[in-house]
Amino acid sequence: MTAEYTGMKLGVLCSGGKDSWFACGLAQKKEEVACLISVRSKNDASYMFHTPNVHLVPLQAKAAGIPLVTVETEGIEEAELADLSRAIRLAVKQFGIEGIVTGALMSVYQATRVQRICRDLGLWCFNPLWYTDPNAYMERLIGSGFSLIITGVFSAPFTKEWLGRAIDREALADLRRYVKTDRITLTGEGGEYETLVLDAPFFRQRIIIRESETEYANYRGVLRISRAELVPK
Amino acid sequence: MIHLVDLSWKAGSLCRDEYVAPVARIVSAAGHPYREIHFSEVPPSGIADADGIVLCGTALKDNAFTEKIQGLASIRDAKCPVLGICAGMEAICLVFGGRLRPAAEIGMTDIRVTQPDPLLGEPRTFTAYEVHSFACEPPAGWLVTAVSDTCVQAFRHPDRPVFGVMFHPEVRNDLVVERFCTLCMKL
């Protein structure tokens, strides 16, 4: 008996934010997502892997029912790429992935480095959100069942109140206004804000935040989530 | 109507989102209607009613189009301007009798325009995004209009508006695609 072809086996690089999870959803529609790959950086200034709540990726993976491969990195520029390569090789070994999916939007820095690692390892590399229209993307995101909040702000004019705020239509309207008044990028691609996905159309459970605290000063701040759990949808 | 040809290994793949959609966005923003078509669906007689044809790129590891290049033979007789981007340039190169050789560039790269060109402008150096594993050895008689330290970055047919660029203009060099669209409307 021949096994049914379910698509190319892929690993999705996952930071916990909107772009990696939306890319995961796109990949699931066209190929087989065999695992998620997460790199936890100890360096807050990491170019590649810094996100305020990457420690919640395992909970997200559980919510989605997708296996997770995690490695830690000191987050030293360029050296951290060796750790990413190690994580990807681990995913190849454990899940037989043939390619990588990223949520890269416009970052040539990130895309270039992942492309090079994939080439060295003989893997496919997919960036399904690459240079996507920011307005259309944000509309699709909030219109297709994703629930996400802002967990980090790093530029004017974001106030403390943005930390923990859901990105819904009202928030999107405010972000669009900031694009005009403060020249932020709508998607946060310029590093103006970071997000955390709490629910997605393909999640089996959703995430509830039980305990968190904010750190904020001079338009920079993070929502540090210390306790979260899964609840039925 | 500008026709965007998807050269990825299968129709509707993740490559379409990455390599065709960004070009479509530029064409659309420039005010031109467009239609997408997978290379496997290009009729042997060629694409009818096209004002221009763009052969888009595909993933670094995707060379399926080179094994089915005869399906794109109609490009040789296209009555409209044709632009090949990366894999699209490789396809044009093969269709017109040129050859490919292994040569990889990934990331932002210095491109030197070596002679005036309708799409690239006057001789100058600019940076562009590259993702390719092969380089073109252009068909005999074609004009090389730009180079990098590694390979030919742009060429064009000596007599007809058929162009190839190895870099990805849809990343930070929209003007190249916009100029191509303008050219399509003039001819």
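Mentor: Let's start with contact: two residues count if their C-beta atoms, placed from the backbone, lie within 7 Å. This is a predicted model, where local features need pLDDT of at least 70 and side-chain atom pairs count only at pLDDT 80 or more, while totals for chains, interfaces and linings use all residues. Residues are numbered from 1 along each chain as its sequence is written, with chains lettered from A and ligands numbered from 1 in the order in which they are written.

Trainee: Okay, which residues is B:Gly88 in contact with, leaving aside neighbours within four places in sequence?

Mentor: B:Leu7, B:Val54, B:Leu55, B:Cys56, B:Gly57 and B:Gly164. The C-alpha atoms of B:Gly88 and B:Cys56 are separated by 5.3 Å, although the two sit 32 residues apart along the chain.

Trainee: And why is B:Gly88 called buried?

Mentor: Buried takes 20 or more other C-beta atoms within 10 Å of the residue's own (12 or fewer is exposed, in between is partly exposed). B:Gly88 has 30 within 10 Å, so it is buried. It is found in helix α3 (residues 87–95) of chain B; helices are DSSP runs of H or I with at least four residues, strands are E runs of at least two, and both are numbered from the N terminus.

Trainee: What makes the radius of gyration of chain A agree with a compact globule?

Mentor: The radius is taken over C-alpha atoms, and the globule rule is 2.2 Å times the number of residues to the power 0.38. With 233 residues that comes to near 17 Å; chain A has 17 Å, so the two agree. Buried residues make up 46% of chain A, and the chain holds six helices and nine strands.

Trainee: How do you know that the span of helix α6 of chain A agrees with expectation?

Mentor: The expected span is 1.5 Å times one less than the number of residues. Helix α6 (residues 169–182) has 14 residues and should span 20 Å; its end C-alpha atoms are 19 Å apart, so it agrees. Just after α6(A), A:Arg183 takes a positive phi of about 60°.

Trainee: How many residues does chain B bring into contact with chain A?

Mentor: 19 residues of chain B, which meet 18 residues of chain A. On the chain B side, α1(B) gives the largest share, six residues.

Trainee: Which residues does A:Val12 contact, again leaving aside neighbours within four places?

Mentor: Among them are A:Ser20, A:Ala23, A:Leu36, A:Ile37 and A:Val101.
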